[in-house]
Amino acid sequence: RPLDKPFSFLVLERKEAQDFAVDIPPFGYRLMERFWPGPLTLVLKSKDKGSVGIRVPDHKVARILIALAGVPLVCPSANISGKGAPVDFSGALADLDGLVDLAIDAGKSSLGLESTVVDATMDPPRILREGAIKKDDIQKVAARKTVLFICTGNSCRSVMAKALLEKVLKDNNRSDVDVLSAGIMMMSGLGATRETQEALRQEGIDVSGHRSKRVTQEMIRSSDLILVMERLHEEKILEIAPDAKNRLFLLKEFAKIEGDHLDIADPVGRDMEFYQRTHEIIREAVERVAKTL
């Protein structure tokens, strides 16, 4: 193997990528979520200002070895550089017999192909080697955009924003944007408030099945655009994920709605008229946001 040809790390969990990489783009997290564990090697920016290849394998024996080692494994393919990667034990030993201390026969490769290698240090990502995962599948996941709306309890404002944006996107035949909503409070599993359901019902939107979610690091990191209702939400998100700063905005700020106050006040505990005004503000903002996506 040439001395200048880098190795990849094999790790057990997606979150371990952050131990070695920095500035992971949202599409990088989406690729991890979609294809890990599996035959995808992601090249990411490393903490030493270089790059590092990382993969989360799905093979039982490989995962047991990583777990027993207690550390990530440095892992090349089992062949002399320049030759095809073997798909079974005898194929590997044809090149490496006598050159390794231990060989484990874990059966024939289920796919018979090398991992796909994707350079995620650039946008759009570049396919360095097409393997078990096809180029089109990588590009479809990477090209999608994710918008995340955040409020306090995920029972009114962010619910409105998500539902309204989804409606605008559907009306415009857009299927390339995923829309999420969440809250900064601890509670999860609550429905949308009665007033929120009524305001959206007037738009022909049914959110009776909504259940609140608490925002997570994973949601934040995989989102291309994070829109919050108040400054306090912005502060909380930066506590959870400081690297989200350049993707995080107040909804009214991003929509360029002028006024003395950029916060959208919480309507919980207010009358239906207040909910209606909140709904109108959010609808105007969301319609403007949709034009930028």
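This is a predicted model: local features need pLDDT of at least 70, side-chain atom pairs count only at pLDDT 80 or more; totals for chains, interfaces and linings use all residues.
Modeller: Val43 lies in strand E2 (residues 40–45).

Colleague: Why is Val43 called buried?

Modeller: Buried means under 20% relative accessible area. Val43 has 15%, so Val43 counts as buried.

Colleague: Which residues does Val43 touch, leaving aside those up to four places away in sequence?

Modeller: Among them are Ser51, Val52 and Gly53. Val117, Val118, Asp119, Ala120, Thr121 and Leu128 are also touched by Val43. Contact here means heavy atoms within 4.5 Å. As for Ile54, 11 residues from Val43 along the chain, the two C-alpha atoms are separated by 6.5 Å.

Colleague: What makes E2 and E3 a pair of strands?

Modeller: A pair needs at least two bridges. E2 and E3 have 4, so they pair, and they run antiparallel. In that pairing, Leu44 stands opposite Val52 in E3.

Colleague: And what makes E1 and E3 a pair?

Modeller: Strand E1 (residues 8–10) is joined to strand E3 (residues 51–55) by 3 bridges. The requirement is at least two, so E1 and E3 pair. They run parallel. Leu10 has Arg55 as its bridge partner in E3.

Colleague: What holds paired strands together in general?

Modeller: Strands of a sheet pair through backbone hydrogen bonds, either parallel or antiparallel.

Colleague: Where is Asp23, and what is its phi?

Modeller: Asp23 is in the loop between E1 and H1. Its phi is near 55°, a positive value in a residue other than glycine. Asp23 has 61% relative accessibility, so Asp23 counts as exposed.

Colleague: Which peptide bond involving Pro37 is cis?

Modeller: The bond joining Trp36 and Pro37, with omega about -5°. Pro37 lies in the loop between helix H1 (26–35) and E2. There is also a cis peptide bond from Asp123 to Pro124, with omega near 5°. Pro124 lies in the loop between strand E5 (116–119) and strand E6 (126–129).

Colleague: In what order do the strands of the open sheet stand?

Modeller: The order is E8-E7-E9-E10, 4 strands with parallel pairing.

Colleague: What makes E8 and E10 edge strands?

Modeller: Strand E8 (177–183) and strand E10 (248–250) each have a single partner strand, so one side of each lacks a neighbour in the sheet. On average, neighbouring strands of this sheet are turned by 25° against each other, direction ignored.

Colleague: How many bridges join E7 to E8?

Modeller: Strand E7 (residues 145–151) has 7 bridges to E8, and the two run parallel. Phe149 has Ser181 as its bridge partner in E8.

Colleague: Which helix packs on this sheet, touching E7 and E8?

Modeller: Helix H5 (residues 157–171). Its direction makes about 170° with that of E8.

Colleague: Which residues meet where H6 packs on H10?

Modeller: On the H6 side they are Glu195, Thr196, Glu198, Ala199 and Leu200. H10 brings Met272, Tyr275, Gln276 and His279.

Colleague: Are Cys151 and Cys75 buried, exposed or partly exposed?

Modeller: Cys151 has 1% relative accessibility, so Cys151 counts as buried. Cys75 has 30%, between the 20% and 50% limits, so Cys75 counts as partly exposed.

How values were computed:
Residues are numbered from 1 along each chain as its sequence is written. Side-chain values use heavy atoms; hydrogens and water are left out. Buried means under 20% relative accessible area, exposed over 50%, partly exposed in between (1.4 Å probe, protein chains only). Axes are lines fitted to C-alpha atoms, for helices over the stretch in contact, and angles run from 0 to 180 degrees between N-to-C directions.
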